[in-house]
Amino acid sequence: MARLGALLLAAALGAPLSFALLAVAIGSDYWYTLEVAGAGSGSSPGRAERLSSHSGLWRICEGQNGCIPLIDPFASESLDVSPSMQHLISLHRVVMVVLPLSLVLIVSGWVCSLLSSLAQSVPLLLFTGCYFLLGGALTLAGISIYISYLHLAFPETAHQYGAQHVQAMRISFGWSSALAWGSCAAETLCGALLLVAARVLSLSQRPGGPHSVVI
């Protein structure tokens, strides 16, 4: 039973870790960073720094100008924008729904994992393990949609401002994205650990199992 206890303990610790990583990722402003290599010949080094920016899900921070909120995707239906921009806003709306929803699912899954661990119930452990795997898939979907959003946003920016203005720009994913990936991995690992724990518990409850007594 020591193996079972270790599996359940690891799953119980992994769920809060997944929640913390995703909560920090959602609330931080480093999902992607935009760096400007230079602003043209004769430009001062500080100009490139001022043009550089980093962004989160809720706002964008531009150099030394501080942070400004992004367009509210839930209040942009009346905006007169191009179809491509409307598609970007729709993707942003989906991300802002899916990732916070993943936080709620992690909390619910953690409660279910505690109950199933205390009850030592194979069906509950199987259910909770599958629940965490589905939650991990939802988090993965949110991250994937954000990556699609970012890949479409840069060409749209180049189309609006001209390719010559974005040639010196370099976009990379920031540490907020890394935290979201870590949360997805931790959530998936919790599900796998609970499924293994259900298997171990099921084997131990069988007649003639490693922890059964034969008379």
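The model is predicted, so local features need pLDDT of at least 70 and side-chain atom pairs count only at pLDDT 80 or more, while totals for chains, interfaces and linings use all residues. Residues are numbered from 1 along each chain as its sequence is written, and side-chain values use heavy atoms, with hydrogens and water left out.

Helices are DSSP runs (H or I, at least four residues), numbered from the N terminus. Helix α1 covers residues 2-27. Its expected span is 1.5 Å times one less than its number of residues. For the 26 residues of α1 this gives 38 Å, and the end C-alpha atoms are 38 Å apart, which agrees. Buried positions in α1 are L4, L7, L8, A11, A12, G14, A15, S18, L22, A25 and I26.

Helix α1 was examined against two partners. Axes are lines fitted to C-alpha atoms over the stretch in contact, with angles from 0 to 180 degrees between N-to-C directions. The axes of α1 and α3 (residues 83-119) come within 10 Å and cross at roughly 165°. The two helices are therefore roughly antiparallel (an angle over 145 degrees). Their crossing is left-handed, that is, the near helix is turned anticlockwise from the far one by less than a right angle. Contact means heavy atoms within 4.5 Å. On the α1 side, the contact is made by L8, A12, A15, P16, S18, F19, L22, A23 and I26. Helix α3 contributes L99, P100, S102, L103, I106, V107, W110, L114 and S117. By class, this contact has 15 nonpolar, 3 polar and no charged residues. Here Ala, Val, Leu, Ile, Met, Phe, Trp, Tyr, Cys and Pro count as nonpolar, Asp, Glu, Lys and Arg as charged, and the others, Gly among them, as polar.

Helix α1 passes α6 in a left-handed crossing. Their contact has 21 nonpolar, 5 polar and 2 charged residues.

Two further residues were examined. S116 lies in helix α3. S116 is buried, with a relative accessible area of 0%. Leaving aside neighbours within four places in sequence, S116 is in contact with S121, L124, L125 and T128. Q120 is found in the loop between α3 and α4 (122-161). Q120 has a positive phi of about 50°, although it is not a glycine. With a relative accessible area of 30%, Q120 is partly exposed.

Conventions:
Buried < 20%, exposed > 50% of the residue type's maximum accessible area, 1.4 Å probe, protein only. Parallel < 35°, antiparallel > 145°, perpendicular 65-115°, else oblique.
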